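Open the model in your viewer and keep the selection tool ready. This tour tells you what to select next and what is there.

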Amino acid sequence: MRPQYLRFFTFTIFTVLVLQADSTQPPFSCDSSNPSTKTFPFCKTTLPISQRANDLVSRLTLEEKISQLVNSAQPIPRLGIPGYQWWSEALHGVAYAGPGIRFNGTIKRATSFPQVILSAASFDANQWYRISQAIGKEARALYNAGQATGMTFWAPNINIFRDPRWGRGQETPGEDPLMTGKYAVSYVRGLQGDSFKGGEIKGPLQASACCKHFTAYDLENWNGTSRYVFDAYVTAQDLADTYQPPFKSCVEEGRASGIMCAYNRVNGIPNCADSNFLSQTARAQWGFDGYIASDCDAVSIIHDAQGYAKTPEDAVVAVLKSWYETSLTYVISMDVNCGSYLQQHTKAAVDQKKLTISEIDRALHNLFSVRMRLGLFNGNPTGQQFGNIGPDQVCFQENQILALDAARNGIVLLKNSAGLLPLSKSKTMSLAVIGPNANSVQTLLGNYAGPPCKLVTPLQALQSYIKHTIPYPGCDSVQCSSASIVGAVNVAKGADHVVLIMAKNPVVLVLLSGGPVDISFAKNDKNIGSILWAGYPGEAGAIALAEIIFGDHNPDMRMRPETSSGYPGRTYRFYKGPTVFEFGYGLSYSKYTYELRAVSQNKLYLNQSSTMHKINNFDSVLSLLVSELGTEFCEHNKFPVRIEVKNHGEMAGKHPVLLFTRQTKQGNGRPRKQLVGFHSVQLSAGERAEIEFEVSPCEHLSRTNEDGLMVMEEGTHFLVVEGQEYPISIVI
């Protein structure tokens, strides 16, 4: 049998140890056994949180107030208030990063789910919710065990993965604003203890989610420009239809209790000093009710790096100052500084009469309100709503199964020429695993990870299928500065199949990557039979990979161009150049067919009022502002779309169905197509199912014009699912 070659990066196994030891007391305020504090109004849970927060702030000295404006908030012993750490991380599991969490007590590890870019590939919003729900419970368990000094987690990252060269794209759900917004809503609801559909939090928050980095942030260091000084020039159109929608969903639907403002400037103004974004948009328009944190040292760079503020005190004023204009108060609305800058310079700003104490009080009200919403001022947490979440709910079986399912459902089959996969379990007698990461311990996790409950390497996972599996490093590292080709070839010759870092014979290429990897060579190379993209699949990812390779799981998977400069546009919605694999692309071991079964609308009339302002674009397309159509019209004209999906293969599979829209008229900043809905469905061999989407014309058949306003344009629009199209005419 001719040897087949695979490409792999892999890990070793760890098992979780739960030590039996006395748990440390979790930090809390308002101890009912302390007669000196239990009578304070801010400790009375029957009072509204706003009133309690005002009472607490009124009791603080100026020095105490300033000490609370930084992420490492100091204790206030005379009021029985412990120190608080605002900075903790939980991107895809409770993480090492951030000083608020310690894994040095009873709980040594936490479930490490797949990195976000892989979880997002499942197109399963309910699964995203269950992952964050599990993360929130494990975070509470750490707090109850006395291993957390804060319950505010700076996740999710919902920046748009606009440019594939951005190194942090792995942390995000990807390039699509609608999908990113839905991910944000699912994550926030799960972590904070809400239901999947939302609106059911009755008591304290389970944990606090913080959507970051607000806004138009996707550059670390490029061509001599760092994220600290980058000034993003963003059109109103791109801001309205790409950068802001995920944050809007995070706030309006998810009800996030935190937002992080980004390092960069947008159109000349630092994000953390932009009253339009933080106050007028997030708080006034979207109804944000929570705290706003700076990214770490983002306040200091306003003076030190950007030169936007002339003095350190002016930088303090830039993020905390309120002012009056035409009888309305505009509040910049940042509340807490990750770093020490506000602690160092706020007193001087007050002494110089650049900042008033009432402006500090406003920030403190937001901060203490969130801590109270977490139940941290309700006395001993033992008898409270989340007090019974203990170490036994960390790394427990349900979470382990969820981590494995998430990896299974996110891994995408990109190529499978001649049905190379799945490999035969009965006919494969030997396997060679070749490569420097064949038995590594970190590649599966991605960044912002914590200590995993367990790790099974791809080597070990494959050994569970093929006993005679031989590892060989081949290279000293992924960069492969020192290769041992002869040894690798000798090992490969003795095996039926090869797990390989690089090969010239038929291969199955497994990509462990959350960022840009050019695999056009592999797509077009006849010697590479199959390609699997696995992102960073988390602690159970190797098992999922082995299951897919051997057939025990079926894998189902400036924005606009500028002609004058040759800029090709970004993301699938606007990029016009060649692509290796389109957004949403993925193969399966089964074959699926789709049929648009029922669409109740094929024509929509907008000319219902002579008072509406018709806009004639320069390309002679009439449009109407969505805002002028009114809520009643938009609600009344929503309609269902039903799609039948059938699995024609011999294997069961979980398959995502993606519904897009496109316009006949292109150009003038219109998206090539855009996602309007997705649903993941599990189908047995031969099974069919009907999926229903609700289409809102005001949302899904509209677009953003150059002024950043939503408009509906006349002409033909199409609903698109897997090549099938259904026309809908809009008449003005």
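Which residue forms a salt bridge with E635? Select K638: the closest N and O atoms of E635 and K638 are 3.1 Å apart. A salt bridge here is a side-chain nitrogen of Lys or Arg within 4 Å of a carboxyl oxygen of Asp or Glu.

Before moving on, note that this is a predicted model, where local features need pLDDT of at least 70, side-chain atom pairs count only at pLDDT 80 or more, and totals for chains, interfaces and linings use all residues. Residues are numbered from 1 along each chain as its sequence is written, and side-chain values use heavy atoms, with hydrogens and water left out.

Stay with the first pair. E635 is partly exposed, at 46% relative accessible area. K638 is partly exposed too, at 28%. (Buried means under 20% relative accessible area, exposed over 50%, partly exposed in between, with a 1.4 Å probe and protein chains only.) Now select E595, R597, E644 and R688: salt bridges that share partners join them into one network. By this rule the count comes to 29 salt bridges.

**Next: R362 and D335**

Select both. Their salt bridge has its closest N and O atoms 3.0 Å apart. R362 sits in helix α12 (residues 357–373), and D335 in the loop between β14 (328–331) and α11 (341–351), so the pair ties together parts that are 27 residues apart in sequence. Helices (H or I, at least four residues) and strands (E, at least two) are DSSP runs, numbered from the N terminus. Buried or exposed? R362 counts as buried at 17% relative accessibility. D335 is buried as well, at 0%.

**Next: E220 and R227**

Their side chains meet in a salt bridge, 3.0 Å from N to O. E220 is partly exposed at 21%, while R227 is buried at 18%.

**Next: a sheet**

Select β8, β10 and β11. These three strands form an open sheet in that order, with mixed pairing. Two strands pair if DSSP finds at least two bridges between them. β8 (231–232) and β11 (269–270) stand at the edges with a single partner strand each, so one side of each has no neighbour in the sheet. β10 (residues 265–266) pairs with β11 in the antiparallel sense over two bridges. Zoom in on V266: it stands opposite I269 in β11.

**Last stop: E200**

Find E200 in the loop between α5 (177–192) and β5 (208–214). Leaving out residues up to four places away in sequence, E200 touches D194 and S195. Contact means heavy atoms within 4.5 Å.
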